[in-house]
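Reader: I would like to learn how to read a structure like this one. Please take me through it feature by feature.

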Amino acid sequence: MFKWFDSNKDKRHNDSTGKEKHVPTNRPERVTPEYIRRLSDSEIFVFGSNLAGHHDGGAARIAKEDFGTIYGQGVGLQGKSYAIPTMQGGIDTIKPYVDEFIEFALSHRELKFLVTKIGCGIAGFSVSEIAPLFQKCTEIENVYLPIEFWEQY
């Protein structure tokens, strides 16, 4: 697991490009692994989809191949995955689906949700556009977020 904190103070370090960036050291260890190919019984793979449920590329394809996503279903829980549509328009069209996911996660505390970088691949959004939609999840213990999202908070 990641070890992001060893004191209550913030740190600065160089990223892979050599630029200094701020890294809060009090960040929780609820970080989604970069690559997910197996899930425990209580884990759910959260991915970006399209409304038509054509899970042909990116994380949606992994969800279809490995986690029981239903072809033709573009929203919600299916198998060991949860689809959040990201291909239908701007950020304002994604937010209601993220809010619905947050309510679902709150009502299913027995599950652990591993949120991928939804919308940041094929859909073409940046982390800085998508991460704020998930900020409430920083307070929800059963939701894990990509490291890039945590870096935005």
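**Fold, pocket and core**

Author: Read along the sequence, the protein chain runs β-β-β-α-β-β-α-β-α-β-α. That pattern holds 4 helices and 7 strands. Helices (H or I, at least four residues) and strands (E, at least two) are DSSP runs, numbered from the N terminus. This is a predicted model: local features need pLDDT of at least 70, side-chain atom pairs count only at pLDDT 80 or more, and totals for chains, interfaces and linings use all residues. Residues are numbered from 1 along each chain as its sequence is written, and side-chain values use heavy atoms, with hydrogens and water left out.

Reader: How do I read a pocket, and what volume does the largest pocket have?

Author: Rolling a probe the size of a water molecule over the atoms shows where empty space is left. The search uses a 1 Å grid over the protein atoms alone; a pocket is an open set of points where a 1.4 Å probe fits, with protein on both sides within 12 Å along at least five of seven lines. Lining residues have an atom within 4 Å of a point. Grid points are joined across faces, edges and corners, and a volume is the space filled by probe spheres set on the points. Here the largest pocket has a volume of about 730 Å³.

Reader: Which residues lie nearest the centre of the largest pocket?

Author: Gly 58, Ala 59, Thr 116, Lys 117 and Ile 118 do, out of 34 lining residues. Helix 1 gives the most to this lining, with 4 residues. Strand 3 (43-49), helix 1 (58-66) and helix 4 (147-150) each supply at least two. By type, the lining divides into 17 nonpolar, 12 polar and 5 charged residues. Ala, Val, Leu, Ile, Met, Phe, Trp, Tyr, Cys and Pro count as nonpolar, Asp, Glu, Lys and Arg as charged, and the others, Gly among them, as polar.

Reader: Now burial. What share of the residues in the protein chain is buried?

Author: Buried means under 20% relative accessible area, exposed over 50%, partly exposed in between (1.4 Å probe, protein chains only). Buried residues make up 39% of the 153 in the protein chain.

Reader: Which residues touch the most other members of the largest nonpolar core?

Author: A nonpolar core is a set of buried Ala, Val, Leu, Ile, Met, Phe, Trp, Tyr and Cys residues joined through side-chain atoms within 4.5 Å. The largest one has 27 residues, and Ile 84, Phe 101, Phe 134 and Val 143 touch the most other members. Helix 2 supplies the largest share of this core, 5 residues. A second, separate core of 10 residues includes Ile 36, Ala 63, Phe 67 and Ala 83.

Reader: What does Phe 134 touch?

Author: Contact means heavy atoms within 4.5 Å. Not counting residues up to four places away in sequence, Phe 134 touches Ile 84, Val 98, Phe 101, Val 115, Ile 118, Leu 145, Phe 149 and Tyr 153.

Reader: How many disulfides are found in the whole structure?

Author: A disulfide is a covalent bond between the sulfur atoms of two cysteines. The search looks for a pair of cysteine sulfur atoms within 2.5 Å. It finds 0 disulfides in the whole structure. Cys 137 is buried because its relative accessible area is 0%. Cys 120, at 24%, counts as partly exposed.

Reader: Where is Tyr 71 found?

Author: Tyr 71 sits in the loop between helix 1 and strand 4 (76-78). Tyr 71 has 44% relative accessibility, so it counts as partly exposed. Leaving aside neighbours within four places in sequence, Tyr 71 contacts Gly 53, His 54, His 55, Asp 56 and Lys 64.
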